[in-house]
Amino acid sequence: MQFQQLQYFVAVAETRHFTRAAERVHVAQPSLSQQIRALERELGADLFLRARGNITLTDAGEALLPLARRILADADTARHEVQELVQLRRGRVRLGATPSLCTGLLPDVLRAFHDRYPGIRLLIEEGGSHDLVRELARGALDLALVVLPLPTPAPALTTVELLREDLVVVSSPEAPAPGRGRRVIHIADLAGERLVMFRHGYDLRELTVAACRAEGFEPDFAVEGGEMDAVLGFVRAGLGVAVVPRMVATRAGRGMRVTPLARPGLHRTIALAHRSDVAPPRAARELQRMLLER
């Protein structure tokens with residue numbers, strides 16, 4: 001009994017027509033009929049009652065049909081499992097993340113993933129949460145690290161909270177300390193500071209500006225329009241202060257003064273997102289697991 005013969009048998013049983021069955025399995029109708037007869041000879045029983053325009057299953061055919069379907073389903077499962085394993089030896093993961101997360105969270109996790117799965121290519125796209133949500137929706141990314149709440153409702157996405165991170169104020173040690181040198185400052189203390197501000201569409205920009213306005217003032221920008229590396233560089237040069245995630249400030253190392261914000265302070269919630277209607281590939285799911293367990 002051949003696997004291909006079972007495929008042909010199920011196709012005829014479901015279409016009740018030899019020609020339509022041949023079209024379904026992409027084979028010439030005479031070849032399909034020949035294979036069905038060979039299967040019947042091997043089993044020693046007719047599987048179909050053949051009448052002009054009316055194909056029905058015999059008792060033997062009725063008995064074989066659920067078994068054949070199960071065999072075909074098991075074969076598909078086996079093929080899928082093998083392909084899943086192959087995906088961990090070669091393939092790609094398309095991951096989107098905000099620039100601050102590329103600087104702070106991802107390097108260590110991606111290094112661990114690469115050490116474990118060196119054959120997987122990692123394709124990283126930096127962007128704001130709004131851009132990353134759009135790329136996920138159109139299938140250009142497998143996973144994305146986004147800031148909650150999402151800028152627009154995204155019912156087609158599944159999000160899992162990853163971490164909640166404090167924001168801090170960074171400044172150059174060569175410049176006067178913000179808040180008159182106090183160890184902990186309030187958002188209101190930024191009213192007298194010039195800020196180095198991120199570009200429009202950047203999550204941290206929206207969060208910082210909203211916090212300043214909630215305290216009754218408009219922030220004064222010394223420089224605006226940069227990405228994370230540029231903002232940190234401008235701060236080191238003494239152009240102004242910036243509000244950044246604590247993880248980024250810690251990684252920035254020397255040449256940066258870090259001042260915490262007084263409670264309740266500012267925070268951001270990071271989530272891992274993927275499309276709800278499409279399961280991420282195996283390699284992407286493994287990266288997801290490593291991020292959640294980090």
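This is a predicted model: local features need pLDDT of at least 70, side-chain atom pairs count only at pLDDT 80 or more; totals for chains, interfaces and linings use all residues.

**Confidence first**

The chain has a mean pLDDT of 89, with 97% of its residues at 70 or more; pLDDT is the predictor's confidence in each residue, from 0 to 100. I found the lowest confidence in helix α5 (residues 99-104), mean 80, and the highest in strand β7 (residues 194-198), at 95. Helices (H or I, at least four residues) and strands (E, at least two) are DSSP runs, numbered from the N terminus.

Residues are numbered from 1 along each chain as its sequence is written, and side-chain values use heavy atoms, without hydrogens and water.

**Helix α2 against α3**

I checked how α2 (residues 18-25) packs on α3 (residues 29-43): the angle is about 100° and the axes are 9 Å apart. Axes are lines fitted to C-alpha atoms, for helices over the stretch in contact, and angles run from 0 to 180 degrees between N-to-C directions. So α2 is roughly perpendicular to α3 (65 to 115 degrees). Phe18, Thr19, Ala21, Ala22 and Val25 of α2 meet Gln29, Leu32, Ser33 and Ile36 of α3, contact being heavy atoms within 4.5 Å.

**Gly201**

Which loop holds Gly201? Gly201 sits between β7 and α8 (203-214). At 41% relative accessibility Gly201 counts as partly exposed, meaning between buried (under 20% relative accessible area) and exposed (over 50%), with a 1.4 Å probe and protein chains only. Beyond its neighbours within four places in sequence, Gly201 contacts Gly128 and Glu206.

Note on methods. Angles under 35 degrees count as roughly parallel, over 145 as roughly antiparallel, 65 to 115 as roughly perpendicular and the rest as oblique.
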